[in-house]
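Trainee: I am new to this structure and should like to go through it with you step by step. May we begin once it is displayed?

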Amino acid sequence: MEEGAGEAPGLGRSAASKDFRFYHTDLYDSEDRLQIFPEESTRMRREGVQAEMTHEPMRGGVKGKAQRDLGEEVDELVHLYGLEDDHELGDEFIEENTPRIEVSEYPSYMMMGSEQRDWRLTGEAAQGEDLGFMGWGSVGQCQDLREAYRYSHGRASEEYECYVIPEEEDEEEAADVFCVTCKTPIRASEKDQDEHKQHEVTPLSKALESAKDEIHKNMYKLEKQIIEMENFASHLEEVFITVEENFGRQEQNFESHYNEILETLSQKYEEKIQALGEKKKEKLEALYGQLVNCGENLDTCKELMETIEEMCHEEKVDFIKDAVAMADRLRKFLQTKTDVEISAQPDFEDQTLDFSDVEELMGSINTIPAPSAPVINPQAPNSATGSSVRVCWSLYSDDTVESYRLSYRPVQDGSPGKEQTEFTMTVKETYCSVTNLLPNTQYEFWVTAQNRAGLSPTSERAVYMTAPCPPIIKSKEIRSCEEAALISWESGNLNPVDSYTVELTQAETPGASGVTESVVGIPTCECLVQLQPRQNYTIYVRALNVGGPSARSEPTTVHTTGLYFPLNEHTCHPWLTVSEDGLTVVRSESRGPTREPVPSDTQFTRCAAVMGNLIPVRGRHYWEVEVDECLDYTVGVAFEDVPRQEDLGANRLSWCMRHAFSSSGHKYEFLHNKMTPDIRITVPPKKIGILLDYENAKLSFFNVDISQHLYTFSCQLHQFVHPCFSLEKPGCLKIHNGISMPEHATFY
């Protein structure tokens with residue numbers, strides 16, 4: 001310090017200018033940037049401060065020139081920092097009368113160090129910190145310089161600080177990871193620090209997606225809660241309205257009951273007052289009658305007394321005369337009984353007031369009334385099975401109901417049965433499933449409601465019907481071809497049904513699931529169903545009525561590989577027998593009938609023939625008949641109304657191939673209306689193929705074994721025909737149907 005003080009007088013303006021070096025940097029920035037000043041400049045700053053403290057009068061001698069050098073220095077700084085437009089800053093540096101600036105030969109930053117030292121430190125503390133502070137190396141020195149500068153220039157504005165002494169701070173690295181433990185974003189370089197070293201860290205993008213998902217979930221929950229609250233608010237509104245309505249009804253109920261009670265009391269009051277008035281009138285009338293009688297007797301007594309007194313003043317003779325008459329009159333008067341008992345007492349009997357009916361009315365105010373009659377609903381579609389039915393009803397009032405009593409009984413002959421047994425069930429709901437019923441049967445139902453007050457009136461009666469029984473398919477009477485099938489069945493129900501439904505399942509086995517097609521609204525027990533060729537179908541039938549459909553019938557299988565028809569036993573001659581499968585007809589050796597004949601218009605009587613079921617499908621149909629070479633037989637087709645008393649082929653209604661065997665050989669005829677072409681067949685067929693072509697009106701015969709065409713009829717088929725078969729001698733014919741048409745038959 002002493003060495004610095006001794007050298008101070010030797011420092012002049014020229015020395016200051018020579019040693020001063022200007023660097024294009026922020027003088028008051030970070031500590032690292034302030035280290036660019038050389039040690040010589042540091043020494044000059046120390047010496048300048050000491051000279052300022054020990055040689056104060058020196059400042060006045062060089063004030064003028066130092067002022068000019070300071071102005072030039074400020075202009076240069078302003079130019080370098082682009083502050084030409086900040087006239088306020090320039091004025092602070094060059095104005096002579098500025099109270100905080102003392103002009104000297106040293107640069108302004110040296111003076112600032114002194115000013116800051118004087119401002120911040122006093123006494124020994126200032127002396128102890130002087131060397132370290134002026135060395136520009138202490139921690140926090142930049143902030144102290146800024147504060148000293150603002151204090152020395154009378155400026156504390158943050159705007160001025162940022163404008164004059166720009167603060168260059170290092171830009172912070174953006175956060176790129178997320179600390180799950182701290183729930184805050186951090187930089188990747190910070191995750192290895194002690195603060196986050198043991199914490200769970202995840203990428204920021206993943207944390208962002210997770211936060212978004214969590215927010216979306218919460219938003220969904222919030223929306224759900226909003227909907228629930230809105231529904232709850234709506235329910236509250238309904239309850240609010242219901243409370244108001246119930247209160248209004250209860251108020252009306254109270255008013256009605258109290259009016260009724262007041263009316264009853266008023267009526268009782270009138271009745272009691274009227275009875276009391278009648279009693280009063282009766283008493284007064286009785287007393288008044290007694291009073292009148294008493295007055296009459298008193299008047300009579302007074303009259304007699306006066307008459308007797310007058311007689312006493314009469315002459316003796318006159319007295320004697322009048323005395324006899326008076327004595328008689330007195331005797332009669334005294335013999336008359338005078339009623340001196342009061343007929344009516346003045347007191348009234350205590351009247352007992354009967355308020356039992358009023359008390360009953362008072363009690364009925366808080367008593368639930370008996371419910372009104374329920375309304376039974378009409379039967380809904382598909383509400384029944386073959387053994388049960390679902391009955392529904394409604395209560396169109398706000399009455400309180402504890403239970404319902406449902407009664408029913410079967411209906412016969414379309415009208416309610418009067419002698420049928422009634423059944424009753426008690427239920428809580430407004431519906432009931434009644435079981436153990438008969439199928440396809442009508443039942444009459446009615447219902448009553450009940451609570452503590454009693455039973456309601458009975459509802460109107462409604463008729464419900466159970467579903468039908470499953471139909472029974474006539475498997476032996478099914479006829480089919482490659483494109484259709486004719487299905488027949490029995491209803492299985494005593495009462496008629498509304499319609500039937502045929503369900504088709506295209507499957508190999510009857511147990512296979514899946515309905516591929518349904519034919520609905522069938523009015524009769526027969527249906528022609530269009531099918532796909534060369535397929536196997538499982539067929540079910542349902543019956544329907546107003547109650548609903550029945551269960552499925554037992555299944556039957558139909559193959560559409562060719563024509564299928566069974567023989568019709570109803571047309572069979574008594575000498576013939578049809579096998580159980582309906583595909584073989586046999587004539588035995590016996591000449592007598594094999595079974596008892598049944599009188600019928602459909603049965604053949606002249607020739608031993610039988611017809612197959614009708615083929616009611618247009619198109620081409622093929623079947624085969626297995627025959628014996630030595631057998632006399634006839635095969636062909638005939639209309640439904642072919643005469644049963646004629647041979648086949650003997651009329652215009654049948655077309656047949658006939659074979660007769662004799663010792664001379666085989667004879668083949670193709671008969672229609674007793675006419676046959678002249679045809680020779682050299683190879684007797686053992687299996688005959690028959691092709692019926694509805695579209696082209698042709699009937700063709702083939703020898704199946706050698707694929708030989710035998711003959712073709714050109715027919716007038718104005719209606720569907722039946723296959724027909726006849727045996728003139730004992731033997732059998734076996735029918736093969738449900739087979740595909742052979743290739744040789746497709747050309748005819």
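**A guided reading of the model**

Mentor: Let us start with a loop residue: Arg-534 lies in the loop between β18 (526-530) and β19 (536-545). Please keep in mind that this is a predicted model.

Trainee: What is the phi of Arg-534, and is the residue buried or exposed?

Mentor: Most residues other than glycine have a negative phi. Arg-534 is not glycine, yet its phi is positive, near 55 degrees. Its relative accessible area is 56%, and the cut-off for exposed is over 50%, so Arg-534 is exposed.

Trainee: Where is Ser-707 found, and how accessible is Ser-707?

Mentor: Ser-707 is found in the loop between β31 (698-703) and β32 (708-714). Its phi is near 55 degrees, again a positive value in a residue other than glycine. With a relative accessibility of 41%, which falls between the 20% and 50% limits, Ser-707 counts as partly exposed.

Trainee: What is the mean pLDDT of the chain, and where is the pLDDT below 50?

Mentor: The chain has a mean pLDDT of 75, and 70% of its residues reach 70 or more. Over residues 1-42 the pLDDT is below 50, and this stretch has 77 contacts in the model beyond near neighbours in sequence. Where pLDDT is low, the predicted coordinates should not be read in detail. The pLDDT is also below 50 over a stretch with 105 contacts beyond near neighbours in sequence, namely residues 86-139.

Trainee: Which residues does UniProt list as a "coiled-coil region", and how far apart are the end C-alpha atoms?

Mentor: The unreviewed UniProt entry lists residues 259-286 under that name. In the model this span is 100% helix and 0% strand. Its end C-alpha atoms are separated by 40 Å.

Trainee: How many residues has helix α13, and where does α13 bend?

Mentor: Helix α13 covers residues 316-335 and has 20 residues. From first C-alpha to last it reaches 28 Å, close to the expected 28 Å. A bend of about 25 degrees occurs in α13 at Ala-323.

Trainee: How many aromatic pairs are there, and why is the pair of Tyr-408 and Tyr-443 edge-to-face?

Mentor: The count comes to 15 aromatic pairs. The ring centres of Tyr-408 and Tyr-443 are 6.3 Å apart, and the planes meet at 70 degrees, over the limit of 60, so the pair is edge-to-face. The pair links distant parts of the chain, with Tyr-408 in strand β6 (residues 403-412) and Tyr-443 in strand β10 (residues 442-451), 35 residues apart. One aromatic cluster contains these two together with Phe-423, Phe-445 and Tyr-464.

Trainee: Are Tyr-408 and Tyr-443 buried or exposed?

Mentor: The cut-off for buried is under 20% relative accessible area. Tyr-408 has 8%, and Tyr-443 has 6%. Therefore Tyr-408 is buried, and Tyr-443 is likewise buried.

Trainee: Where is Thr-584 found, and which residues is Thr-584 in contact with, leaving aside its neighbours within four places in sequence?

Mentor: Thr-584 is found in strand β24 (residues 584-587), and at 16% relative accessible area Thr-584 is buried. The C-alpha atom of Pro-566, 18 residues away along the chain, is separated from that of Thr-584 by 8.9 Å. Leaving aside neighbours within four places in sequence, the residues in contact with Thr-584 are Leu-567, Thr-577, Val-578, Ser-579, Leu-733 and Lys-734.

Technical notes
Residues numbered from 1 in each chain as written. Predicted model: local features only at pLDDT ≥ 70, side-chain atom pairs only at ≥ 80, totals over all residues. Heavy atoms only, no water. Helix = DSSP H or I, 4+ residues; strand = E, 2+ residues; numbered from the N terminus. Expected span 1.5 Å × (residues − 1). Bend = angle between axes of the 7 residues up to and from the residue. UniProt positions renumbered as here; feature names shortened; annotations may be inferred. pLDDT = per-residue confidence, 0-100. Contact = heavy atoms within 4.5 Å. Buried < 20%, exposed > 50% of the residue type's maximum accessible area, 1.4 Å probe, protein only. Phe/Tyr/Trp six-rings, centres within 6.5 Å; stacked < 30°, edge-to-face > 60°.
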